[in-house]
Amino acid sequence: MSDSLLFNKPLDSFMQEQFYYLDEDITGNKRLFFENSGGSLRLKNVVQADARIASYPDCPERLHDMALEIRKIIENGLNDVHIMLNATSGSILPIDTASRAMFEMIGSFSQATAGGNIVTTALEHPSAYDACVHYADLHKKELRVAEADPLTGTVLTKSIIELIDKDTNLLAFVATSNITGAILDIPEIVKQARAINPEMYIVIDAVQYAPHGVVDLEKWDVDGLNIAPYKMFGNRGMAFAYISERAASITHLKLAAAPADKWGLGSPAPAHYAGFSEIVNYICTLGSYVSESTDRREQYVNGMTLIEDRERALHTFLLHGDQDTPGLLQLDGLTVHFKDQPLEQKDFIVGLSFDDLSWSKAVELYTKKGVLVYERLATSYYSKRILESVQLEGLIRVSPLHCHTLDDMRTFIHITQSLLRVNGR
């Protein structure tokens with residue numbers, strides 16, 4: 001996509017008008033929020049729709065006008081989940097967190113076949129990895145873990161495939177690591193895994209991937225996948241999981257009288273469905289900047305492609321700079337981790353270490369200069385296993401968003417230079 005489409009004043013202005021606290025905190029102080037892998041900036045329309053619909057006292061299981069309106073909101077939201085995932089069949093599980101969704105899916109899938117082993121990777125979020133550990137132990141299955149490559153921060157396809165055999169019951173792997181930024185080759189991994197054992201169940205953690213790339217379940221052929229709207233410009237409080245048609249009726253937690261393929265329990269939260277529709281609306285509007293298509297899925301794909309291309313361009317600038325500003329890779333006293341991973345296979349996450357500053361001290365200094373980033377340390381149970389798998393004790397995670405600008409990247413580089421000068425660099 002050309003720079004004239006990726007970066008122009010109308011597009012920048014539109015994006016910057018859509019988000020709360022894009023360039024200042026709640027006190028009005030200027031800042032750069034480069035911590036979007038911990039939960040992204042919020043769309044104004046999502047927050048406003050959530051608040052408006054949450055104020056309705058009506059139950060959607062009634063017959064009066066407001067109840068019917070609420071049901072329509074829920075139906076539209078579910079339809080938008082299907083559109084976003086490109087899921088033309090299967091079931092949707094609405095649930096409070098993506099982590100709980102992962103435990104639900106892995107728990108059900110792990111007992112659905114007699115296979116004797118479960119395969120996962122060292123890069124998994126604890127909700128996936130620990131679920132695999134728990135259910136492998138519970139059902140007396142062998143747990144096999146594909147290790148990460150320290151240079152690229154990814155798990156090679158062959159490292160996963162060599163662990164799979166005819167006795168594999170479940171494969172669970174992350175689409176994108178929220179620490180290293182590596183994007184795994186989902187279609188190729190699934191293709192090769194299915195060739196070995198077409199009966200195994202495959203679960204994908206797409207929480208980090210979904211805000212930055214196109215999800216396409218018609219092409220991916222997986223049995224389960226989770227997303228978290230709070231990671232893609234929405235509010236906390238609800239996540240969604242997809243369960244394939246073949247997996248939807250296996251034994252799982254459900255009310256006895258409910259349909260065999262229903263995974264949701266309890267009353268839905270209409271406000272969250274309204275909020276999710278606003279996320280899809282925003283991305284579809286971005287799609288209108290590059291295409292005149294009126295098909296909602298095509299609009300969504302065009303919008304996500306714009307996001308992906310724009311983030312890659314910002315990422316490239318951050319690393320390499322231009323004739324006026326050196327990139328992070330050119331700065332002495334600074335290590336950019338996983339630089340051997342091609343940007344086409346990497347999320348907009350940069351891992352940094354200073355030669356003469358601890359990770360926590362660097363984060364503190366960035367914060368004082370109005371930049372919010374985060375340290376991932378081996379002392380955290382969220383990070384320990386993943387960092388050890390890439391032979392690190394810690395790193396500073398820098399995670400901007402597509403709505404940031406080239407000037408924001410330039411500002412971050414200049415601030416990084418100032419932190420290096422503190423130590424005589």
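Q: What should I know about the model before I start?
A: This is a predicted model, in which local features need pLDDT of at least 70 and side-chain atom pairs count only at pLDDT 80 or more, while totals for chains, interfaces and linings use all residues. Residues are numbered from 1 along each chain as its sequence is written, and side-chain values use heavy atoms, with hydrogens and water left out.

Q: In what order do the seven strands of the open sheet stand?
A: Strands of a sheet pair through backbone hydrogen bonds, either parallel or antiparallel. Two strands are called paired if DSSP finds at least two bridges between them, and helices (H or I, at least four residues) and strands (E, at least two) are DSSP runs numbered from the N terminus. Here the order is E2-E8-E7-E6-E5-E3-E4, with mixed pairing. Strand E2 (91-95) and strand E4 (142-146) stand at the edges with a single partner strand each, so one side of each is left without a neighbour in the sheet.

Q: In which sense do E6 and E7 pair, parallel or antiparallel?
A: Strand E6 (residues 201-205) and strand E7 (residues 224-227) pair in the parallel sense over three bridges, and Ile204 stands opposite Leu225 in E7.

Q: Which strands does helix H5 lie across?
A: Contact means heavy atoms within 4.5 Å, and angles run from 0 to 180 degrees between N-to-C directions, the axes being lines fitted to C-alpha atoms, for helices over the stretch in contact. Helix H5 (residues 98-109) lies across E2, strand E5 (168-174), E6, E7 and E8, and runs at about 170° to E7.

Q: How is the sheet of four strands arranged?
A: This open sheet has the order E9-E10-E13-E12 and antiparallel pairing. E9 and strand E10 (residues 350-354) pair over four bridges, and the bridge partner of Leu334 in E10 is Phe354.

Q: What volume does the largest cavity have, and which helix gives the most to its lining?
A: On a 1 Å grid over the protein atoms alone, a cavity is a set of points where a 1.4 Å probe fits but cannot get out, and lining residues have an atom within 4 Å of a point. Grid points are joined across faces, edges and corners, and a volume is the space filled by probe spheres set on the points. The largest cavity has a volume of about 70 Å³. H10 gives the most to its lining, with four residues, and the lining includes Val46, Asp50 and Phe276.

Conventions. 1 Å grid on protein atoms, 1.4 Å probe; cavity = no way out; pocket = protein on both sides within 12 Å on 5 of 7 lines; lining within 4 Å.
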